[in-house]
Amino acid sequence: MEKTVNVYLFGKRYQVPESLTIMKAMEYAGYQLIRGCGCRNGFCGACATIYRIHGQQELKTCLACQTKVEEGMYVATLPFFPLVKQVYDIEKIKPTEQIMMQLYPEIYSCIGCNACTKSCTQELNVMQYIAYAQRGEYEKCAEESFDCVMCGVCSSRCPAGISHPQVALLARRLTGKYIAPESKHLLKRVAEIENGDYEGLIEALMQKPLSELKELYNNRDIEK
Amino acid sequence: MYEYTKEQLESLKKVEETRGKRVNQELKRMTAEEKESVLASFHPDYIESAYEELKIGPNKGGKVLHELASLLQGKARVLDLDVNLDKIDYDVDVLIIGGGGAGASAAIEADKTGAKTMIVTKLRLGDANTAMAEGGIQAADKENDSPAIHYLDALGGGHFANKPELLRKLVTDAPEAIEWLNELGVMFDKEPDGTMITTHGGGTSRKRMHACKDYSGSEIMRVLRDEVYNRGITVVDFTSAVELIKDSEGKAAGAVLMNMETKEILVARAKTVIIATGGAGRLHYQGFPTSNHYGATADGLILAYRAGAKLLYPETLQYHPTGAACPTQIYGALVTEKVRSLGAQLVNKDGVAFVNPLETRDVTASAIIRECKKNGKGVATTDGEGVWLDTPMIEIRGGEGTIEKRIPAMLRMFGKYGIDIRKEPILVYPTLHYQNGGIDISANGMSGVENLFVAGEAVGGIHGKNRLMGNSLLDIIVFGRNAGQNAGKKAKSVKVKALTLDFVKKFDEERRAAGIVSEELSPRLLPDYRRKEL
């Protein structure tokens, strides 16, 4: 029999195998999850969770699908958090310092408490990327925030009411569209295709008998 | 430090001892005959006892896996519901079922045509396999490459079964799809001069895998979702489509919806419908673990099938060669193919590399299964067995820092359990990853049912019988946009007649006439992982 631990789901005690993640422990206990469960693999941010180990002061945060249960764990899930997402037209905005001021002025109210960074389930330096956003350094903000899964835990801990994941998303889109260098080979290829340059080649392939296609495939040269 | 078993530790030592020799070793690729042989003997698609013949519906006589058959021929949930088709809750031009990459791309393009567009999704917008795609997206945009070479790679990888007109569209529209994403602000990995950083995937003959670190799908999904919200497109989340609705002329005309939490039933009427419901990993075919997201239960296939749409290659599934085999907490989770693109070998219990790591997925998965089941060279784990994926080779070959820069999600995923993939290899085993087949469509995106469009993983035929890495993120964009454009345009000329669910009753009569007694409610909507003894 596997060793078990006591976890307290929303305050109620359940005894579960110690190897389980918090998410699987909830299911083991009998919850049929609807909210708070998405990719089950650390990419979607649906299962933001807050917990405290009995007898300890510190409030911890995690993704339920990525974290093992512990003895005396008091668990509260955060399946939704009211982040503020401002609407904008990506074609019309520009990567200027003013755009953050217009869309997310609350970032300038940051008091530097660093609660966002301490709570990040991806261990990102959230306060630092907000500082980059304040200064209009969008490329740095984008890079620093790239692994964000938008779980919203940082915002739940922020006394200034900042929606960090949305700020970072804006910075990344500005970077991807306006700041990152243009891919000339891509634009060239798109133009060639629009011009119909490859139609003949593909058409010819489509007309070939199966035996010839197999021959071509099995003997094609593979880039090193 | 992760606590390996004694046997695992001994094997791990052998992997370390042989690494120096293996690092310069390029394994020979299999011949066509060798590939066929390993597939026939070890690929799960070839296990006949896992399949059964369909007794009713458009694919009657064809074979599918038991788990899918019981849903395709299951009892329609809607039969037990009190649905009033005269009370329309949502009246739209284009109804999109599914909120992943295909659904979001379709919505953006449908919105551009001026159509009143609505997305309904049973979880949140973006809870989808798209967000979990780590490795990248293919497009032939380099000087030494062309859409024709891309075509041949995908055709051979798909066992020459790909529907030619769909494959042509996939490869021809690929560069534009990348440009579209780039213009929306997706951050692709680029050199300082703007050249896209591209790598190989299994079965590619040119380096055409574009990536956003190993968060490729996540980055694409969050941008698409943001764009859907910027456009003000209606998103009804935590609401599933439990049945399609047709009009008196037999055309698709909406769907019966159910609030997943309150169970409230709602009716959506639409001029055109797009199914973008994704895959089926959560049906756990043949007992496999899966890399798929929570909602991947083939709902769209079930709905379309009952409405009369034919499926193409529903019997072919993709078992990704490298699912995590250890630790148990992430059993079945995806270990991106990019790990192999960057130079990690697959190594058995004795420290011997046994397959070229860049064979196509079906061949690589079969070779791993052979190594474990027939050759007895697997390493035992809590949930079964696995082989080593020698990740430290990546930094020996590509330099220190490569892992953190190119596959940070993998570093994090294993790091949480005390495994540093820069220094230690990891244990992997095939995991149920992708539904190669799906609903049959024409190049315009429409299924056999008038006004019913399909996009994304729910489509069958684009990839033949085995999809190449990086062609799925591509297909959701190309065919998602295509479906959105065509459904939006088509909606302008559609006049919806009286709504009906009579076809569901008829299907149920056929079910009974065929002697099917299963009372399994279909579609499944979500898997049930509660403790069995409860």
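Start with helix α1 of chain A. Of its 8 residues, 7 are buried, so the helix is largely enclosed by the rest of the structure. This is a predicted model, so keep that in mind throughout. The buried residues are A:Ile22, A:Met23, A:Lys24, A:Ala25, A:Met26, A:Glu27 and A:Tyr28. Note that A:Lys24 and A:Glu27 are on that list.

What covers this helix? The cover of its buried residues includes β1, β2, β3 and β5 of chain A. Helix α1, residues 22-29, lies across those strands and runs at about 105° to β2(A). Just after the helix, A:Gly30 takes a positive phi of about 120°.

Now the sheet itself. It is open, with 5 strands in the order β2-β1-β5-β3-β4 of chain A, and the pairing is mixed. Which strands stand at the edges? They are β2 (12-17) and β4 (60-63); each has a single partner strand, so one side of each is left without a neighbour in the sheet. Neighbouring strands are turned by 35° against each other on average, direction ignored.

One pairing in detail. Strands β3 (residues 48-53) and β5 (residues 73-77) of chain A pair in the antiparallel sense over 5 bridges. Within that region, A:Ile50 stands opposite A:Ala76 in β5(A).

Step back to the domains of chain A. The assignment gives domain 1 (4-77), domain 2 (97-179) and domain 3 (185-216). The C-alpha centres of domain 1 and domain 2 of chain A lie 27 Å apart. Their contact takes 7 residues from domain 1 and 7 residues from domain 2. On the domain 1 side, β4(A) gives the largest share, 3 residues. That side has 5 nonpolar, 2 polar and no charged residues.

Next, a loop residue. A:Val87 sits between β5 and α2 (97-103) of chain A. Is A:Val87 buried or exposed? It counts as exposed, because it has 10 C-beta neighbours inside 10 Å, and the cut-off for exposed is 12 or fewer. A:Val87 and A:Leu103 are 16 residues apart in sequence, and their C-alpha atoms are 8.3 Å apart in space. Leaving aside neighbours within four places in sequence, A:Val87 is in contact with B:Tyr229 and B:Asn230. That takes us to the other chain.

The contact between the chains takes 60 residues from chain A and 66 residues from chain B. On the chain B side, α5 (147-157), α6 (164-172), α7 (174-184), α8 (216-230) and α14 each supply at least two residues. Which of the elements gives the most to that side? It is α7(B), with 7 residues. By class, the chain B side divides into 30 nonpolar, 15 polar and 21 charged residues.

Look at α5(B) from that list. 11 of its 11 residues are buried. Among them are B:His150, B:Tyr151 and B:Asp153. Just after α5(B), B:His159 takes a positive phi of about 60°.

On to the core. In soluble globular proteins, nonpolar side chains tend to be buried together. Here the largest nonpolar core has 228 residues. Those with the most contacts inside the core are B:Leu95, B:Val273, B:Ile274, B:Ile275, B:Ala304, B:Val454 and B:Ala455. Helix α15 of chain B, residues 471-491, gives the largest share of this core, 9 residues.

Not counting residues up to four places away in sequence, what does B:Ile275 touch? Its partners are B:Ile97, B:Gly98, B:Gly300, B:Leu303, B:Ala304, B:Ile439, B:Leu452, B:Val454 and B:Ala458. Of these, B:Ala304 and B:Val454 are also on the list of residues with the most contacts inside the core.

Last, the domains of chain B. Domain 1 is 6-30 + 319-432, and domain 2 is 87-316 + 436-491. Their centres, over C-alpha atoms, are separated by 30 Å. In the contact, 24 residues of domain 1 meet 25 residues of domain 2. The elements giving two or more residues to the domain 1 side are β14 (317-324), α10 (338-341), α11 (361-373), α14 (408-415) and β19 (426-435) of chain B. That side divides into 10 nonpolar, 8 polar and 6 charged residues.

Definitions and conventions:
Residues numbered from 1 in each chain as written. Chains lettered and ligands numbered in written order. Predicted model: local features only at pLDDT ≥ 70, side-chain atom pairs only at ≥ 80, totals over all residues. Domains from an automatic or database assignment. Contact = placed C-beta atoms within 7 Å. Helix = DSSP H or I, 4+ residues; strand = E, 2+ residues; numbered from the N terminus. Nonpolar A, V, L, I, M, F, W, Y, C, P; charged D, E, K, R; others polar. Core = buried A, V, L, I, M, F, W, Y, C linked by C-beta atoms within 7 Å. Buried ≥ 20, exposed ≤ 12 C-beta atoms within 10 Å, placed from the backbone. Pairing = 2+ DSSP bridges. Axes fitted to C-alpha atoms, helices over the stretch in contact; angles between N-to-C directions.
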